[in-house]
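These are my notebook entries on a structure I have been asked to describe. I record each item that I looked up, in the order in which I took it.

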Amino acid sequence: MGAALAVFGLLTGSAAAQEVRAAVIRVDYPSLLPISRLDLPPEDLGHAGAMLATEDNRTTGQFMGQSYETETVAVPPEEVRAAFDRLVAEGHRIVVALARREELLALADAAPVGVLILNARATDEALRSEECRANVLHVAPSDGMMADALAQFLVWKQWDRWFLIHGSHPEDHALADAYRAAAAKFGARIVEEREFVDTGGARVADTGHVLVQRQIPVFTQDAATHEVVVAADASDVFAPYLPYQTWDAAPVAGSAGLRPLTWHPAHEAWGATQMQNRFEELAGRPMREEDYQAWLALRVVGEAVTRTQSADSVAIRDYALGPNFELAAFKGQPVTFRDWNGQLRQPILLGDGRITVSVSPQDGFLHEVSPLDTLGLDRPESRCTAFQGGQP
Amino acid sequence: MIRTTLAAALLLGGALPAQAYKVFVSNERGNTVTVLDSETWEVLAEFPAGNRPRGITISPDGSELYVCASDDDAVRVFDTETYEETHTLPSGPDPELFVLHPTGNPLYIANEDDNLVTVTDVQTRQVLAEVPVGVEPEGMGISPDGKVVVNTSETTNMAHFIDTETFEIVQNTLVDQRPRFAQFTADGARLYVSAEIGGTVSVIDPATGEILHKITFEVPGIQPELLQPVGVRVTQDGSRVFVALGPSNRVAVVDGETWEVLDYLLVGQRVWQLAFTPDERFLITTNGNSNDVSIIDVAAGEVVRSVPVGQQPWGVVVAPE
């Protein structure tokens, strides 16, 4: 009955209530203070985005006969498994995870059949390739998508010679790999590469800037001729120190300067102002990427429920991966899933922290299926087999 | 048959001397309204219209201009001769788009940030009702008999049919992503709802809420993602539907019977809203990114000129005869 009504687009608010329950697990990793205090994590990081999505879904649900409940938890990494097991035991079948690769995979592998996990944080390429899991949909973009988004802009600018500076942690090396791959993919050249070793010092406390002003020019001097410095600093150790301090007068991009982002609080285009207003009213603070990604994950669920009239996690996954799924996400075009690895296709914002400078994919980067597939692993490149290759 | 009638009517219209109407354009970022003369296309005036003016409409007698001043949380009312603000109307928060009852009262206003449609009496200046609708209400259309007002909610993706007597939602139709505009035909038999991100215009039978057809758009050499339907206007006889296609900088001309797209007209950048002159000789388009309006000669199906207006033109209305 519900399905028939949906097909004909004729809906009334009197249908029997159907409850859609979801959980959001945020893993809080031990970390140092961020380099910029503007990046201090708010207590409700990610959770506030999930609450906004739940409110949005509820408003729609009142016309469709569905109610939405979302439980949010924040745990240290060693407790994530116990929290997940409790949620599953309580009947949760839809879990949004704001976790890194290791914890995400642990949850995916521990999940009973029928539990759907939406990854709203981990950016590792491997999770969309050889380590993919059939029960995980990736709402967060991969490192490769972010790097490709920036690379397209730099190439469009004809800034083809890059000075790559990466950190010394494994995540920094992974991010550097993404930039190397992006450079090769779009015809840029890495003419100089240096590692900024994390020696545990240099933070801008007290008069740290005096030291930074001496260290960074020395660190960056005598580099081969380049148009842009690309920073791969997933660990927030050095990248914010680069702009204005480099030896050569080159702009900085990547982990500082012009950054690829899923969201930032100055984004206004495509109705985003409304989203910012609604979020700020709810949370009393600007919206961050984690909030946007959690919002998006639960909006994927809400959209699938609205269109299928089913609250079943398997039906939601199947619809999301199917040809009819599309969702407006304040990015100017519908976002959809890649059926070969469960990755959400999405435009990527390029922002300087003040405004949206550009949005990728850039004009002229063509693809036979969707320009969005110029970002990240395309069907032939992904080694993911858990989705049986999708529907070519 | 219908086509012949239209052509004849337009020919007749063309033979008569052009009548001059006042055209009012709201400039979202300029915080002004630009007034144009539809005969000379000269700018007659540009006057302050409050903060972030978007939706714009006019009383049936042409004396009062209503402007959604979104960031002032009010509808500002202007004298159409002096361009002085006469008063404001309570609108609820962040009014974006509205529609006036065919009799001239009341005004049905979409409150984008609050998931409400506010109904305001333009004479007593009182709020008559607040109707809860879906997330990010925007498009507002009213049936010619004034019995049903339709609101579209951009994140809920529905057209909500509201009974204008009871202020209750009587029917919902799920459409494609981000519905922006709702437009009835003059005979009330069809409702067109554009979906900006879905890229479609749904043709709905308002009696049943059933979607009869989805109009899709395709322009060689233009990325399909840029074909984003927003404003929709239909000729009085229902034979032609004009659809503004946003960042593709095109207006689609659609056959109102077969729903085939007949032509795409190149206009200014990021075209959102449309208005006919009362004689349907011209269709005016607001081009938000090129800060101008394009003038389409309806009979010829041609863009005849573009006129610079204020910063980021959003809405347009033409004074009645």
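**Entry 1: a helix in chain A**

I began with helix α5 of chain A, residues 143-156, which has 14 residues and reaches 20 Å from its first C-alpha to its last, close to the 20 Å expected at 1.5 Å a residue. I note here that the model is a predicted one.

I then asked how many of the 14 residues of α5(A) are buried. I found that twelve are, so the helix is largely enclosed by the rest of the structure. For this step I counted a residue as buried if 20 or more other C-beta atoms lie within 10 Å of its own. Among the buried residues I listed A:Met145, A:Met146, A:Leu150, A:Phe153 and A:Leu154; A:Asp143 and A:Asp148 are also on the list.

In chain A, their partners are helix α6 (170-186) and the strands β8 (228-232), β9 (252-254), β10 (259-261), β13 (348-351) and β14 (356-360). After the helix I noted A:Gln158, which has a positive phi, near 65°.

**Entry 2**

I turned to strand β12 of chain B, residues 137-142, and found it mostly covered, with six of its six residues buried. Four bridges join β12(B) to strand β13 (residues 148-153) of chain B, and the two run antiparallel. In this pairing B:Gly141 stands opposite B:Val150.

**Entry 3: an open sheet in chain B**

I also examined an open sheet of four strands in chain B, with the order β16-β17-β18-β19 and antiparallel pairing. Its edge strands are β16 (179-184) and β19 (210-216), each of which pairs on one side only. I recorded an average twist of 20° from one strand to the next.

Within this sheet I followed β18(B), residues 200-205, which six bridges join to β19(B). There, B:Ser202 stands opposite B:Lys214.

**Entry 4: where the chains meet**

Lastly, I looked up the contacts between the chains: 22 residues of chain A are in contact with 25 residues of chain B. On the side of chain A that touches chain B, α1 (2-8), α2 (47-64) and α8 (272-283) each supply at least two residues. Which helix gives the most to that side? I found that α2(A) does, with four residues. The residues of that side divide into nine nonpolar, ten polar and three charged.

Terms used
Residues numbered from 1 in each chain as written. Chains lettered and ligands numbered in written order. Predicted model: local features only at pLDDT ≥ 70, side-chain atom pairs only at ≥ 80, totals over all residues. Pairing = 2+ DSSP bridges. Axes fitted to C-alpha atoms, helices over the stretch in contact; angles between N-to-C directions. Expected span 1.5 Å × (residues − 1). Contact = placed C-beta atoms within 7 Å. Nonpolar A, V, L, I, M, F, W, Y, C, P; charged D, E, K, R; others polar.
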